[in-house]
Amino acid sequence: MINVDDLIRDLEVIREQSPLIHNITNYVVMNNTANALLAIGASPVMAHAKEEVADMVTIASALVLNIGTLDAAWVESMRIAGRTAKEKSIPVVLDPVGVGATAYRSEVCKQLIAECKPAIIRGNASEIMALLDTQAQTKGVDSTNTSEAALNSAQILAVQTRAVVVISGETDYITDGTTVETVKNGHPMMAKVTGMGCTATAIVGAFSAVNKNCLEAATHAMAVMSITGEIAAAVSKGNGSLQAHFLDTLFNLDETMIRKQIRL
Amino acid sequence: MINVDDLIRDLEVIREQSPLIHNITNYVVMNNTANALLAIGASPVMAHAKEEVADMVTIASALVLNIGTLDAAWVESMRIAGRTAKEKSIPVVLDPVGVGATAYRSEVCKQLIAECKPAIIRGNASEIMALLDTQAQTKGVDSTNTSEAALNSAQILAVQTRAVVVISGETDYITDGTTVETVKNGHPMMAKVTGMGCTATAIVGAFSAVNKNCLEAATHAMAVMSITGEIAAAVSKGNGSLQAHFLDTLFNLDETMIRKQIRL
Amino acid sequence: MINVDDLIRDLEVIREQSPLIHNITNYVVMNNTANALLAIGASPVMAHAKEEVADMVTIASALVLNIGTLDAAWVESMRIAGRTAKEKSIPVVLDPVGVGATAYRSEVCKQLIAECKPAIIRGNASEIMALLDTQAQTKGVDSTNTSEAALNSAQILAVQTRAVVVISGETDYITDGTTVETVKNGHPMMAKVTGMGCTATAIVGAFSAVNKNCLEAATHAMAVMSITGEIAAAVSKGNGSLQAHFLDTLFNLDETMIRKQIRL
């Protein structure tokens, strides 16, 4: 179960230390994720040139890899950055956007997991299930796309990859293969804002920069996302205003708001 | 003349079926067009890697090609995706952003039209006129940049390319070369939000996914855009708030709002 | 000291002439900078293909180069566009985003300055200081990152490069190496909106298109940015709403608002 004191401590550390989060992410969400990282108090940097990603990740406190608008050149840079991060023990967070939709995405995810050893992987139910299918030792995975089946996949994937695996959804599940944490806040309108999942991954990156316990870091990040989205959606008329209210709420999120809103 | 019942039926089908719209579009507008497609009830995907565009377009219900920030690699992917879509009878919608500004844009548009056979082409008056100049058989086109001259160009272009051609402007014109439909809603402030035209093209993609009659699909899409923009502009102080209000309005657009606002 | 009459004249000329500003800029901020240019009355174009940048910049009134998400292909296009602009006496404005963070950024900035001879360079204190270090003749630069040290760097850099150099910060400094102008408006929340600095550079581009005196153009642009941000921040709850309010305020900015708000 979420320890709210620890969550608040992590949030405060992010705001005090303003960790640099290196993002190699997709074009659609760059602006939103940069603003979300600024809103929570972290420092975002977006950089993808193969000439500089090793240098950039070396000065960062976490690396976020997001394949949403991948191509060969970007994948090469993700690999360079991810391998460098691994060598230097900088946590890598992977968002396997759309994996399963094309063979190329599956192949790239398999490669990134093998080479970069992500500390945390965050996706929706179908992405996590598709991701497990890309791993060699897959067996016994229910093909129905329910949360339960996805949770089973997530646990197997966590054991196979030694990553904490996050499934975003109405309830979020976070697991290291053994323990399963749940986050019950959130709002359906969040799914109507493009890149809300990608933003969650970036926020996971921020928490992983200040808390070495990846299960805790990912759980705290998902709780902050869900609480923020829930508060913001309550005053939003549609996905346009939600995008702005989400950032404003995250910017102002404090202990009182968290304690009042969280559902344990 | 617009059949409002048919327009509302198309909108309902989009919301029921949530068709996947594959966009290979420009960097400036990706976030907005993804959010607009989500707001209307469609499912956007942005993917441009040559390794995957054929796979991605095959699972989509429409393909939107937008050359706003084109380069050689992106054009190659547009051609692969467009040819695949043509083979599989998936409608291709082309937005020739800035055609006429450089020789390269004209050349690329000529190639995309020849190879991908777009079902619908949408641009502003000067783009449509410039586009006609890229076609070999051009003759008799008035060089003045008025709506009337553009409409003449649009009709010739429609006949030459067998595409429905849309001219966005104070009044929108939609033609298959013979019939001309008009959309009279809209607001001048829409032109001050970057990518509002690109969003129109994406919405045309959504309607083309649910209505095989391209003249109807394009007309309904432009009516929805113009009505939405007009309602949103009435409560917006500038282009910043219009961007958010446009999405909120589209998210909530219903039969009552449409019937009240539409000018036939 | 800022001549407010001249500032207002420049703003009016931008709105009358709507100069075309060619931006080769980063993915994170493209939407915002395009909307900011539209809000002030200019015409933005984003184009980066090496096949067309020379043609595009030739029809533009200013070129903005921003290395925020640089890579080898984009740098090649920046060089082509920048050299063409120099030959045709079109002002080039350089934003050396993140220079100093990686060796690659330093090398690219050195090359762009040498080849394209920017008329104006805009960065924050640490970027301007890092930029001076990339120039061969550097000497006597205080290594502390204070505004005073940065101003000293800016003056040396201005002399070496013959560019007007702008340091953004709580107080903005604008210098041609001899004269130093200051802009005292602004709000701390502006730093929490991603790409606010990049937007400043784009607005500098718009002013440089209508005023050949680069010291004046840059000073007027920074004053407009700071006044707009200050007015917008006063009604914003966080960085989400500030992004929209900034555009709305810039869209509506007039002589009365400027005269009331400016601190000389």
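Guide: Two strands pair if DSSP finds at least two bridges between them. Helices (H or I, at least four residues) and strands (E, at least two) are DSSP runs, numbered from the N terminus. This is a predicted model, in which local features need pLDDT of at least 70, side-chain atom pairs count only at pLDDT 80 or more, and totals for chains, interfaces and linings use all residues. Residues are numbered from 1 along each chain as its sequence is written, while chains are lettered from A and ligands numbered from 1 in the order in which they are written.

Take strand 3 of chain A, residues 62-66. Strand 1 (residues 20-24) of chain A pairs with strand 3 of chain A in the parallel sense, over four bridges. Within that pairing, A:Ile24 stands opposite A:Leu65. Strand 4 (residues 92-95) of chain A is also a parallel partner of strand 3 of chain A, again over four bridges. Here A:Leu65 faces A:Leu94.

Now burial. A residue is buried if 20 or more other C-beta atoms lie within 10 Å of its own, exposed if 12 or fewer, and partly exposed in between, with C-beta atoms placed from the backbone. In strand 3 of chain A, five of five residues are buried. In a regular strand the side chains alternate between the two faces of the sheet. Both faces of strand 3 of chain A are covered. A:Ala62, A:Val64 and A:Asn66 lie on one side, A:Leu63 and A:Leu65 on the other.

Follow the chain onward. Strand 3, helix 4 (residues 72-87) and strand 4 of chain A form a right-handed β-α-β unit. Right-handed means that, with the strands pointing away from the viewer, the path from the first strand over the helix to the second runs clockwise.

Chain C shows the whole sheet. Eight strands form an open, mixed sheet there, in the order 2-1-3-4-5-6-7-8. Strand 2 and strand 8 (180-183) of chain C are at the edges with a single partner strand each, so one side of each has no neighbour in the sheet. The average twist is 20° from one strand to the next. Axes are lines fitted to C-alpha atoms, for helices over the stretch in contact, and angles run from 0 to 180 degrees between N-to-C directions.

Strand 5 (residues 120-124) and strand 6 (residues 164-168) of chain C run parallel, joined by five bridges. One of the partner pairs is C:Ile121 with C:Val165 in strand 6 of chain C. Helix 6 (residues 125-134) of chain C lies across both strands, at about 125° to strand 5 of chain C. Eight of the 10 residues of helix 6 of chain C are buried. Among them are C:Glu127, C:Met129 and C:Leu132. Their cover includes helix 5 (103-116), strand 5, helix 7 (147-161) and strand 6 of chain C.

Two loops deserve a stop. A:Arg162 has a positive phi of about 60° although it is not a glycine. A:Arg162 sits in the loop between helix 7 (147-161) and strand 6 (164-168) of chain A. It is partly exposed, with 13 C-beta neighbours inside 10 Å. B:Ser89, also not a glycine, has a positive phi near 60°. B:Ser89 lies between helix 4 (72-87) and strand 4 (92-95) of chain B. B:Ser89 is exposed, with 8 other C-beta atoms within 10 Å.

Residues are in contact if their C-beta atoms, placed from the backbone, lie within 7 Å. Chain A gives 23 residues to its contact with chain B, and chain B gives 26. Helix 2 (30-40), helix 5 (103-116) and helix 10 (239-252) of chain A each supply at least two residues of the side of chain A that touches chain B. Helix 10 of chain A gives the most, four residues. By class, that side has nine nonpolar, 10 polar and four charged residues. Ala, Val, Leu, Ile, Met, Phe, Trp, Tyr, Cys and Pro count as nonpolar, Asp, Glu, Lys and Arg as charged, and the others, Gly among them, as polar.

The contact of chain C with chain B takes 26 residues from chain C and 23 residues from chain B. Helix 10 of chain C brings the largest share of the chain C side, eight residues. That side has 16 nonpolar, six polar and four charged residues. Only 13% of the interface residues of chain A are also interface residues in chain B, so the copies meet through different surfaces.

Conventions: Two residues are in contact if their C-beta atoms, placed from the backbone, lie within 7 Å.
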